[in-house]
Amino acid sequence: MDYAPNTDAQLQEMLRTIGAGSFEELISPVPAELHARELDVPPGLAEAQVVALGEALAGRNRALTEMVSFLGAGCYAHLIPTVVDALSARGEWLTPYTPYQAEASQGTLQAIYEFQTMVCELFQMDVANASLYDGASSVAEAALLALRATGRSRILLSEAVHPHAREVLATYLIGSPATMQEIPTVNGVTDLESLGKALRDDVACVVLQQPNVFGCLEPMGQAGELTHRVGGLFIASVYPVSLGLLQPPGAYGADIAVAEGRCLGSPPAYGGPGLGLFTATTALLRKVPGRLAGCTVDQAGRRAFTLTLQTREQHIRRERATSNICTNEGWLALRATIFLSLLGPRGMQELAQRNVEKARYARERLRELAWIAPAFDQPFFNEFTLRFDPAHPVETVNRRLAAAGFAGGFPLAGWYPTMPQGSLWCVTELISKPSIDRLIDVLKKI
Amino acid sequence: MQVPEELQYTKTHEWMRQDAGEAVVGITAHAQEELRDVVFVELPKVGKTVKQGEPAAVIESVKAAFDIYAPVSGTVSRVNEAVAKTPQLVNQDCYGAGWLFAVNPSAPAEVSSLLSAEAYAKQIQAETH
Amino acid sequence: MSDLLIFERSVPGRRGYWLPPSDVPAVSVGEVLPEDQLRAAQPPLPEVAEFDAVRHYTRLSQANFSVDTHFYPLGSCTMKYNPKLNERVAALPGFAWLHPLQPAAQAQGILQLLYELEQCLCAITGMAAFTLQPAAGAQGELTGLKMIAAYHRRKRRARSTILIPDSAHGTNPASAALSGFTVVQLASGPDGLIDLQELRRKLTKDVAALMLTNPNTLGLFERDIKTIAALLHEQGALVYMDGANMNALLGIARPGDMGVDLLQLNLHKTFSTPHGGGGPGAGPVGVTKALEDFLPVPRVRKVGARFRWETRGRATVGRVHGWYGNVGVLVRAYAYIRTLGREGLARTSRAAIINANYLKAKLQGTFPVPFDDHCMHEFVASLKSLRAHGVSAGDVAKRLLDYGCYAPTVYFPLIVEEALMIEPTETESKETLDAFAQALLAIAHEAQHNPELVRRAPQRMVVDRVDEVKAAREPNLRFSTGDAPKVPGTFGAGRTVAS
């Protein structure tokens, strides 16, 4: 099955208009020896067969809808209002092109403007762009911006910044003279003393995550102050749902604040597509990567929206662009916009509150087991690290939990070899009290 | 097209005026007309070293960004903050209020390689044919 | 009804969504979290009812053109129909509600899909292996360039230059520069193709790679591609192909057979995944065997009948995505490839090429196409002749909006004056193409007899021509409650998006 409507008879008629004897004439510049044999791809399928194939493959996965998952570690499953799916499925939202022709794209452009505004409000920052690929690349782009803005070459990142974000930055830095240095943690949070020692006037930026990878709340204000003292930029990688309650990055002096925003209205989807949120202070506006929608007027004085400050971008600056970004995550940004407008201030606060309560209940109940103890004595939002005693290897516990319909906390040993019995647990509003109680029952039998 | 007699010019459409040991730089009327509406000017930092013929500033229109080349080598002594605030000054008064930056020249001999008003006027005439 | 912002519809106390009551003990946040970690006030988001939001975002959508509603002959963008079937498959809970850290045993279905997708892309392009991680074509280019750099570093060669034709898309030089390379431009020959003399001249021992698009942005196939590749390889340099124009090659020629060493595909172009108003996309990168070691990790491996992630790579450039790439987009592309199958894919390029040549035949009498041969899936027309009436390609593009057609790409590639780049794709019917040709010819007529009409376009959109200069000079990138209400436009009252 294919989607080309013109019949063979029509294609023949069109060839006549073109003045070609055959299709082969049209592709005559392609050397004969390159002409492809039949593609080694299975034959096509009718719709019902594709649906069956999709369902069979999807059926070989264990969806979070079929089990109770305590996995977080940078990807969070939250509620999605029905309206988000219903509205974003409209062809007028799903299928337009990038809004370069402003007059034909006022819907998308106004939605981006609203999105930018809401992200600024949630983050308490001056400027937000129309989104980047994901949280990890947003961290990388933030560090690159700091290198450009300061002209310096050292990047300091806490070891409690998500390892994947640090890996992506390392990839982006291939070929660059800039260096990355890791700042250690003590008792689950970044060690300010080590940070202070590492800060010199060649530091372009300091990156901390809030809450950090262990779920602990970091001393962001103090870290920011230390950074500013040497003239570096302070970059915060944050968790959007937590901002319903937690202090936003603008309040603790972040120069750039980024996040993985997929949790605002879109499902985990095995990690992608993501929604990179990127915000900055006004001073950094002209160096911000990615698209920006601006408010202006049309010739009749009507309010109108357009992409602006495009001269930073690839299609104009070419080799002097601030970044090479061409695509953002427009459709997910739209979903996030609808999500935030439905929840509003009280809904976001309540959502965050619910996460705090569920996580605390789960953690308290988990402590009933003698072989489980919290790894750190730190404030946390909805995620926390536990340490199992050596008689209960984390992977073994998780296998038993999987058999009972649970996805247990993420084993941290792979990311942090000094924590072989570390296990990272996230509890969102999607997890019911009975599920938590059942979890404890299963664990008690291990 | 306006090509003031008392100024000197580059092939890349910058003008230069010698003013008490300083070289003041801007873009010509021809350039600003080609550029159309200037929306942003990125000026060099005071104290920066510039070299003749190398990019020293950037002027942006909506659709394009253009390098502005230093007519002479030296150190940037002043920049025109007004143009940073009101970029349209470059369109409105490119030889006056729309000046861009001034340089303390380091190689006075370089001036001889610049174009006179007459030579520059000939060049733009040739270009537009 | 006016086009208010959602913030302007906000009424204190309104809410659009409620959570169910909590089933766990209440917690006083102030007692478990330090005061200085808490927000001083609720985030100042809009307060609207569900129905306010539904009406707002539904009506707002109607101010958009979209592929579902309008023809988008955008060159190099391949704006083809986005099958709804793909949406259905991607939305299956088994794909949508999967956490990236679930053990492989719980994710065999998605791992199999990703593995098979990689196999299909290899078969279609003739490359040996793919990474599915890059989230967009531009990120794919960046990944490819990192691999090129790693390749030369391993061979202990200092290669710092990338050759790029002057007809290239802006992401090419941007990606090259961002990867630390110097860009050297290749002037195109008089036939619009890469000039072999020019290439030989600039092919020094410092060249790391040539970045080209084939067919190029003029829609012309680089017939000397094998010679070009041989020249580069002789110098120990690589050939990177921007796969944006893959819609011309399905079942016709494979880049791997042309001597291409790396390429990126744009799944949101050739492989029908929706553009979403600016994303998400996906830009998988394919390589020859010689470069496989450098691919980002993790990669999907098949061991017996099971699939798993392999996280180690001896010479990998590392990771470019937080997880495994835009999996939701990859699922859509997989569904598309399985729907089309080998015959459907071949028929797709055939129909795309015939559609483009048909349009070209109907237009080139009025708007010359500078390079005379048959084109592949797209062509570039020059509207230079309209300058005499004071009308530019940009004006014509805006006037096309009034005729209910999204404007083709203008002013690109840079080597054609007053360029209009047109790519109809295979999913457009002959009737649509005829209507488009008629519209363009009508506009050419207007340009001659009533140029002001064209210059003032568009007239029938929800807004008239937008003041981009003001937007750039006075950036207003977010709404502030202090903003005075603007003159409201009207959606509906006599001004609708042209159909």
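Modeller: Two residues are in contact here if their C-beta atoms, placed from the backbone, lie within 7 Å. By that criterion 175 residues of chain C are in contact with 176 residues of chain A. Helix H11 (residues 327–363) of chain C supplies the largest share of the side that touches chain A, 23 residues; helices (H or I, at least four residues) and strands (E, at least two) are DSSP runs, numbered from the N terminus. That side of chain C divides into 96 nonpolar, 48 polar and 31 charged residues. In this classification Ala, Val, Leu, Ile, Met, Phe, Trp, Tyr, Cys and Pro count as nonpolar, Asp, Glu, Lys and Arg as charged, and the others, Gly among them, as polar.

This is a predicted model, in which local features need pLDDT of at least 70 and side-chain atom pairs count only at pLDDT 80 or more, while totals for chains, interfaces and linings use all residues. Residues are numbered from 1 along each chain as its sequence is written, and chains are lettered from A and ligands numbered from 1 in the order in which they are written.

On confidence, the predictor gives the complex an ipTM of 0.96 and a pTM of 0.94. Chain C averages a pLDDT of 92, and 96% of its residues score at least 70; pLDDT is the predictor's confidence in each residue, from 0 to 100. Residues 484–499 of chain C fall below 50, and this stretch has 35 contacts in the model beyond near neighbours in sequence.

Chain B also touches chain C: four residues of chain C are in contact with five residues of chain B. On the chain C side these are two nonpolar, no polar and two charged residues.

Now the sheet. Chain C holds an open sheet of seven strands in the order E1-E7-E6-E5-E4-E2-E3, with mixed pairing; two strands pair if DSSP finds at least two bridges between them. Strand E1 (129–131) and strand E3 (182–186) of chain C are the edge strands, each pairing on one side only. From one strand to the next the twist averages 25°. Axes are lines fitted to C-alpha atoms, for helices over the stretch in contact, and angles run from 0 to 180 degrees between N-to-C directions. Within the sheet, strand E4 (residues 207–213) and strand E5 (residues 238–242) of chain C pair in the parallel sense over five bridges, and C:Met211 has C:Tyr240 in E5(C) as its bridge partner.

Two helices belong with this sheet. Helix H6 (residues 137–154) of chain C lies across E1, E4, E5, strand E6 (262–264) and strand E7 (285–287) of chain C, and runs at about 165° to E6(C). Helix H7 (residues 171–178) of chain C packs on the sheet, where H7(C) touches strand E2 (161–165), E3, E4 and E5 of chain C and makes about 175° with the direction of E2(C).

Buried requires 20 or more other C-beta atoms within 10 Å of a residue's own, exposed 12 or fewer, and partly exposed lies in between, with C-beta atoms placed from the backbone. In a regular strand the side chains alternate between the two faces of the sheet. Strand E10 (residues 379–382) of chain C is joined to E12(C) by four bridges and runs antiparallel, with C:Ser382 opposite C:Ala419. Strand E11 (residues 409–410) of chain C is joined to E12(C) by two bridges, also antiparallel, and there C:Thr409 has C:Met421 as its bridge partner.

C:Leu420 touches residues including C:Phe367, C:Val380, C:Val396 and C:Val410, not counting residues up to four places away in sequence. C:Leu420 is also one of the residues that touch the most other members of the largest nonpolar core, which has 354 residues; A:Ala143, A:Ile235 and C:Ala209 are the others. Such a core is a set of buried Ala, Val, Leu, Ile, Met, Phe, Trp, Tyr and Cys residues joined through C-beta atoms within 7 Å. H11(C) gives the most to this core, with 19 residues.

Last, the loops. The peptide bond from C:Gly279 to C:Pro280 is cis, with omega near 10°, and C:Pro280 sits in the loop between E6 and E7 of chain C. C:Ala457 to C:Pro458 is likewise cis, with omega near 0°. C:Ser76, in the loop between helix H2 (50–61) and helix H3 (84–90) of chain C, has phi near 65°, a positive value in a residue other than glycine. C:Ser76 counts as buried because 23 C-beta neighbours lie inside 10 Å.
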